[in-house]
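Hi there,

Here is the structure I promised to pass on. My notes on what turned up follow below it.

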Number of protein chains: 2
Amino acid sequence: MLNTLDLDRSLDKATYKIQIEELMRQLRSLQQACWEKKLTFVVVLEGWAAAGKGGLLKKMVNYMDPRGFSVYPTLPPTLEEQKYPFLWRFWQQLPPHGSIGIFYHSWYGHLLEDRLFDRVEAVKVPQAMATINAFERQLSDDGVAIAKFFLHLGRKELKKRLKKASKDELTAWRVRPEDWLQVDHYKEYRALAEEMLLHTSTGVAPWILVESNCKYWARIKVLSQLVAVLTEALDRAAIAQPEIPAQPQEKLLPTEPDYLAKVDLSLSLERDDYKKRLRKAQIKLQKLQLKIHQQKIPIVLLFEGWDAAGKGGAIKRLTDSLDPRSYKVNTYAAPTDEEQKYHYLWRFWRKLPEAGKFGIFDRSWYGRVLVERVEGLAKPREWRRAYREINEFELQLISDGCVVVKFWLHLSQEEQLQRFEERKENPFKEYKLTEEDWRNREKWNLYEVAVNHAIARTSTPAAPWTIVPGNDKHYARVFVLETVIEAIEAKLKRH
Amino acid sequence: MLNTLDLDRSLDKATYKIQIEELMRQLRSLQQACWEKKLTFVVVLEGWAAAGKGGLLKKMVNYMDPRGFSVYPTLPPTLEEQKYPFLWRFWQQLPPHGSIGIFYHSWYGHLLEDRLFDRVEAVKVPQAMATINAFERQLSDDGVAIAKFFLHLGRKELKKRLKKASKDELTAWRVRPEDWLQVDHYKEYRALAEEMLLHTSTGVAPWILVESNCKYWARIKVLSQLVAVLTEALDRAAIAQPEIPAQPQEKLLPTEPDYLAKVDLSLSLERDDYKKRLRKAQIKLQKLQLKIHQQKIPIVLLFEGWDAAGKGGAIKRLTDSLDPRSYKVNTYAAPTDEEQKYHYLWRFWRKLPEAGKFGIFDRSWYGRVLVERVEGLAKPREWRRAYREINEFELQLISDGCVVVKFWLHLSQEEQLQRFEERKENPFKEYKLTEEDWRNREKWNLYEVAVNHAIARTSTPAAPWTIVPGNDKHYARVFVLETVIEAIEAKLKRH
């Protein structure tokens, strides 16, 4: 692909000057349109060292309002960043709705430099490509426009430019020793780049190849492509998408399995048994925590369930035996206004546990297909595609070595009513009961369908759901602890 | 101080068991009170290695709801963190209103381990102490309760515990080589600790010394002090503070200098002159940027000014000549709901530039004493103390090596009116003009007083204000650029 490119395309300076001026103006007004239409735009700049990315970048933003874009220079991941899945740091840097984020080098470093310098195992490359494709599709589905450029240079030209840059004091500091390796390993690097271009050129985010031996030509090509992509994205955004009719589903279809109905809610534990098994499990977990720490395994435990099903109590029994420095409990309610400016997964990515720690999620990304679905806070189109996004997200965690355990705390409608009544009476628990709890209760059927759908569609071999019989609190708490222990032990065995 | 402590205070296990249970219960209900009253609580745990901080921590949070507190284990700063003032990373980790943040080791590491291992110059220690005291006072003024514990051990006991911990596989991994240095340099470390305790024990955040040779004694002491501090803070929060009467000031007092009136608004630049000087300044700035990068100097440029005074245009001319990877423009409007859960300086700390880069602030922390004062969004008590907080904040930036340049873009009321009218006519600029601009214009006098007050109280030798004559845009833009250049050159000379 790269060697068939006609690298010698060129442009004379006079034509360039006229065209570039016009393109910069167009970009300026497109930027304003992005702002007004709340269109988010992500630009990726990749390519050979000294291919002219810096100068190009300046032309790109030259007429733009500096308040509406951000530039993210990507360096090799720091030690801190290496404690998370490789996309983690890019999620943190995504531009909010209505603005432009330009990545000067990007997540593709994982498929280029990281491979060249053996920072990624060959066997993991296909998975990394799939991960990147999923990431870009998720953004695109969320309304983000994406343009990706690969600036290509011939070997001779590359060498000439590096030599020249090294001689000039204004640019010499930018030439890294790694850049010279690109000259030495030109063919190898080119093969990696070709493979990357081939496997990550998708419909929503195709690569644009830029012949860069002539910098004028390269700049005009990139800027005019930017104008094209943005114009098209704005046009597309202006067409209202037809919404799928949103008939609330009150009952499961005969073909849909009712996972909740299968749970034996009569299961219970005597107080003595409870104490004994709880104690045993807590001691075990304490020891496992040490191993988790030593082997740098991240653990994600997420809790969903009916109101008053005992999430808080179960989490408490779990954290009781953990070192307080080893876990964080993240509670989620409706997204804040800042969080609403990003993809709905953004606020969960931010709180992932680092390697060796526990991240406990009290409510989670499943809100999208549960409360947001039932309450109409997400459009049918949005929550329907969320199943796939969630599966992809969890798969990314798991392939990064994470243990993911997902609990649905189940209880009967009668038991819930009784607990609500108790809370009403008890001044210490009254604060836990809100108007919303009563309202949610009226929608029991809708939630039941949504929960069953979620379990059916997101219970994957690597991240299965565990439904906790919650009518008896003792039973539920021990069950949760023992399930966590089992999952960790299984992971340690494989590790 | 530390050697006069009677380290051999002890407690028998039976008494301990009864008391600790009761204290943990009390902490649980105090935590709930914090949540309800939106009281923020910061706990600092410092002390010798193996002094029992870990076990203590577990008791502290044992009965608490894990959703209402966070634990921050503090390690030596990463390379990334070293690019910012030393308090930067702690600002990021402050607990939001209503919750509890426990720092296991803290900003005091800068006065203990950093000194022991020569990571901080002796000459900078007094400044660091003043910085910490200011930080804690700022939090306290914002309604945050603070408790700081220093767990003290005798040298013999320290050695014994480290030996014991090293032998047990469950604890051995926690003993760091540095911990043994505490034994070897016991006296030196103790002297540093004493100095720290002496100089950072303030009225709002006194140190509590904990004799820790007996762990039962230590835990009871810490927990009962926590109960005492929290109870008192909640009592204090319940008493409504008398508000200073808030008579809006329409005119400066005869004794108050009118800085704005002194500005010569007739200053202007011919188009040719403008182009020449702009070009010259931009080239110069480009060269300076390289030096800034090489010498790792952070630059903060902040822009305040009347609506339509030309902030955007001035920022644009500045960024035009910079490498887009070297700066970020941060725009501020009303705080988001997330930002409102923290001290008002929090959202600015988050966006400070790292060493070697430009942080450009389009509106800034001066909002507190300008728009928030005039519009009544901050209480008189709050904006009055903000002058001092701002001076302290900027001093911290400057002593970290930062260049701080502050611009007020000034123009006459007539010129503003004319620009508003132009914007109304021009479809490309119309979006810039809002209802709010007209409303602000009616409050010109109030703003004039507020701006003069701000300039008088926050124009410090290290971070002076620059008032930009803005009736002529050409003049203003060149003036801004040349001022920035001057400030950077002055810094490089001193560097």
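**Domains of chain A**

The centres of domain 1 and domain 2 of chain A, taken over C-alpha atoms, are 39 Å apart. Domain 1 covers 13–238 and domain 2 covers 260–494, with bounds that come from an automatic or database domain assignment. Their contact draws on 17 residues from domain 1 of chain A and 16 residues from domain 2 of chain A; two residues are in contact if their C-beta atoms, placed from the backbone, lie within 7 Å. On the domain 1 side, α3 (88–92) and α5 (125–141) of chain A each give at least two residues, and α5(A) provides the largest share, 6 residues. Helices here are DSSP runs of H or I with at least four residues, strands are runs of E with at least two, and both are numbered from the N terminus. By class, that side of domain 1 holds 9 nonpolar, 5 polar and 3 charged residues (Ala, Val, Leu, Ile, Met, Phe, Trp, Tyr, Cys and Pro count as nonpolar, Asp, Glu, Lys and Arg as charged, and the others, Gly among them, as polar).

Before you go further: this is a predicted model, in which local features need pLDDT of at least 70, side-chain atom pairs count only at pLDDT 80 or more, and totals for chains, interfaces and linings use all residues. Residues are numbered from 1 along each chain as its sequence is written, while chains are lettered from A and ligands numbered from 1 in the order in which they are written.

**How the two chains meet**

Chain B and chain A put 34 residues each into their contact. Among the elements of chain B that each supply at least two residues are α2 (53–61), β2 (69–73) and α11 (271–295), but the largest share, 5 residues, belongs to α12(B). The chain B side divides into 13 nonpolar, 9 polar and 12 charged residues. Since 100% of the interface residues of chain B are also interface residues in chain A, the copies meet through the same surface.
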